[in-house]
Amino acid sequence: MKRFALLLALAWAFIAPAAHAQSTLDDIIKRGTLIVGISLGTPPYGITNAQMEPDGYDVGLAKLLARDLGVKLQIVDTVAANRIPSLTSNKVDIVISSFSITSERAKAIAFTDTVYVDQQVAVSPEAVKLTKLADLKGKRVGVTRASTNDIVATRLAPEGTVIQRYDDDASTSQAMLAGQVDAIVTSRALAVAIRDRNPAMKLTVQFVVSQAPMAIGLRRGDADLLHWLNTAIFMLWTNRDLQPLQEKWFGAALDDLPRY
Amino acid sequence: MFQTFNANHVMFLAAAAEWTVALSAIALLGGFLGGAALAWMRISGLRWASGFAQGFVYVVQGTPLLVQLFLAYFGAAFAGLDVPPLAAAAVALTLYASAFFGEMWRGALTAVPRGQRDAARALGLREGPILRKIVIPQAILPAIPPTIGFVVHLVKNTALASVIGFRELTRAGQLVANATFEPLPVFLTVAGFYFLLCYPLSLLAQWLEGRMQIGVKINTKNEGVLQ
């Protein structure tokens with residue numbers, strides 16, 4: 001009898017995930033909660049505001065999606081390196097966390113249409129002469145570990161560039177302010193904010209390293225949820241819900257969101 | 001876009017420090033029980049128990065705590081268990097503390113001269129009372145300094161739980177640093193909180209060590225009388 005119960009438990013362990021696998025969209029509606037992974041240490045996408053509540057562009061978008069689904073929003077603070085594991089291990093329904101689309105990442109998870117297109121720019125004090133990628137040779141360049149600026153800098157920087165990786169954007173910028181690195185690669189929105197915050201450093205946005213289209217990440221093979229999210233993004237853009245968010249957090253709204 | 005580091009942020013850090021304390025307390029309690037069990041298994045003379053305990057200690061001491069936390073959180077999810085970050089961190093830190101306490105205490109237990117056990121056996125005591133009344137009381141004192149040292153280490157190691165999104169003191173510090181972009185004052189404050197948590201523990205260790213010296217003196221005196 002005991003052995004039978006054990007077998008049953010084992011069988012259930014295999015059946016349960018299968019029964020679960022229909023569509024995350026149904027799960028979200030049935031549960032009444034949308035669980036979103038967002039890094040709250042990535043300004044201006046995810047931050048904590050003066051009331052110590054989650055805020056930022058990604059948080060604003062998550063709130064709009066929860067509103068349209070008619071469910072409550074639950075935010076799970078997810079550091080950049082854990083975005084994909086959080087999805088594949090079912091810890092969250094979707095990830096909205098300055099998540100740049102790359103074909104490499106798309107092997108593990110699925111991306112929706114873009115929700116924002118950021119630029120990765122090289123920033124340094126005025127005195128450091130940088131005009132193009134090749135100038136990075138021999139320089140110490142700070143990036144945020146496992147983020148898009150890490151990926152593009154690692155791929156595009158010429159041989160001889162010393163890339164130093166930090167855990168979050170505040171540390172990366174601090175490394176430049178403290179003279180630990182000569183330049184950093186970061187998103188334009190953040191670069192402008194750091195420059196305005198530290199006028200004495202005479203920081204300059206030197207050149208654009210790459211474009212970074214960002215999307216919502218979800219588990220592969222969930223066509224239903226993917227379709228709903230793309231529909232929602234399209235309608236949020238058409239109804240001008242997204243543009244004010246972009247103006248608020250990036251200073252200006254994009255002319256259009258690329259779709260594919 | 002950025003806020004200035006202010007009293008609100010300090011309160012936020014203080015609230016997160018409570019989670020650091022809670023996580024440390026859970027890991028300590030679990031580690032004490034687990035460590036006691038492992039130490040007993042190692043000296044029990046039972047081959048399977050001793051072998052299991054040794055294997056466990058090798059695995060836990062031979063892998064980084066960061067990886068253990070990652071496995072407890074994401075690994076458990078792949079095995080079909082949905083564990084919240086607090087539970088995953090508590091389990092990982094408990095296992096980690098158990099392994100280290102187990103080894104420390106085994107060392108303290110085996111450091112009690114073998115003759116004491118033999119003498120107790122010769123007097124007709126059973127293994128249970130020998131352990132309880134002869135060996136453990138003498139092993140407690142030398143085990144205190146390394147134990148407290150490790151407790152301090154454990155409190156600071158709870159910071160690693162931030163990788164699985166558990167909002168303790170260090171993760172709260174990262175959040176505030178990224179909301180203010182003033183990492184230096186923020187992390188100095190975080191360091192201050194850790195110091196406030198750990199310094200009393202160091203004082204406790206010092207005080208207990210002082211008491212241990214008294215214990216040693218009394219012991220030598222007694223030995224003199226016995227001789």
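How many residues of chain B are in contact with how many residues of chain A? In this predicted model, 19 residues of chain B touch 30 residues of chain A. Start on the chain B side. Helices α1 (7–43), α3 (65–78) and α7 (169–180) of chain B each give two or more residues to the side that touches chain A. The largest share comes from α7(B), with five residues. By class, this side of chain B has twelve nonpolar residues, six polar residues and one charged residue.

Chain A is divided into two domains. Domain 1 covers 11–117 + 213–250, and domain 2 covers 118–211. Taken over C-alpha atoms, the centres of these two domains of chain A are 27 Å apart. Their contact takes 14 residues from domain 1 of chain A and 13 residues from domain 2 of chain A. Look at the domain 1 side of this contact. There, β6, β10 (203–219) and α9 (242–250) of chain A each supply at least two residues. Ten residues on that side of domain 1 of chain A are nonpolar, four are polar and none is charged.

Strand β6 of chain A deserves a stop. The strand runs over residues 109–125, and A:Asp113 lies in it. Is A:Asp113 buried or exposed? A:Asp113 counts as buried, because 20 C-beta neighbours lie inside 10 Å; the cut-off for buried is 20 or more. Which residues does A:Asp113 contact, leaving aside neighbours within four places in sequence? They are A:Ala215, A:Asn230, A:Ile233, A:Leu257, A:Arg259 and A:Tyr260. A:Ile101 is twelve residues from A:Asp113 along the chain, and their C-alpha atoms are separated by 9.3 Å.

Return to chain B for a pair of helices. Two packed helices are described by the angle between their axes and the distance between the axes. Helix α4 of chain B spans residues 85–111, and helix α6 of chain B spans residues 127–157. Their axes come within 8 Å and cross at roughly 145°. The crossing of α4(B) past α6(B) is right-handed.

Which residues make this contact? From α4(B) come B:Leu93, B:Ala97, B:Phe100, B:Phe101, B:Met104, B:Trp105, B:Ala108, B:Leu109 and B:Ala111. From α6(B) come B:Val135, B:Ala139, B:Pro142, B:Ala143, B:Pro146, B:Thr147, B:Phe150 and B:Leu154. By class, the contact of α4(B) with α6(B) has 16 nonpolar residues, one polar residue and no charged residues.

How values were computed:
Residues numbered from 1 in each chain as written. Chains lettered and ligands numbered in written order. Predicted model: local features only at pLDDT ≥ 70, side-chain atom pairs only at ≥ 80, totals over all residues. Helix = DSSP H or I, 4+ residues; strand = E, 2+ residues; numbered from the N terminus. Buried ≥ 20, exposed ≤ 12 C-beta atoms within 10 Å, placed from the backbone. Contact = placed C-beta atoms within 7 Å. Domains from an automatic or database assignment. Nonpolar A, V, L, I, M, F, W, Y, C, P; charged D, E, K, R; others polar. Axes fitted to C-alpha atoms, helices over the stretch in contact; angles between N-to-C directions. Left-handed = near helix turned anticlockwise from the far one by under 90°.
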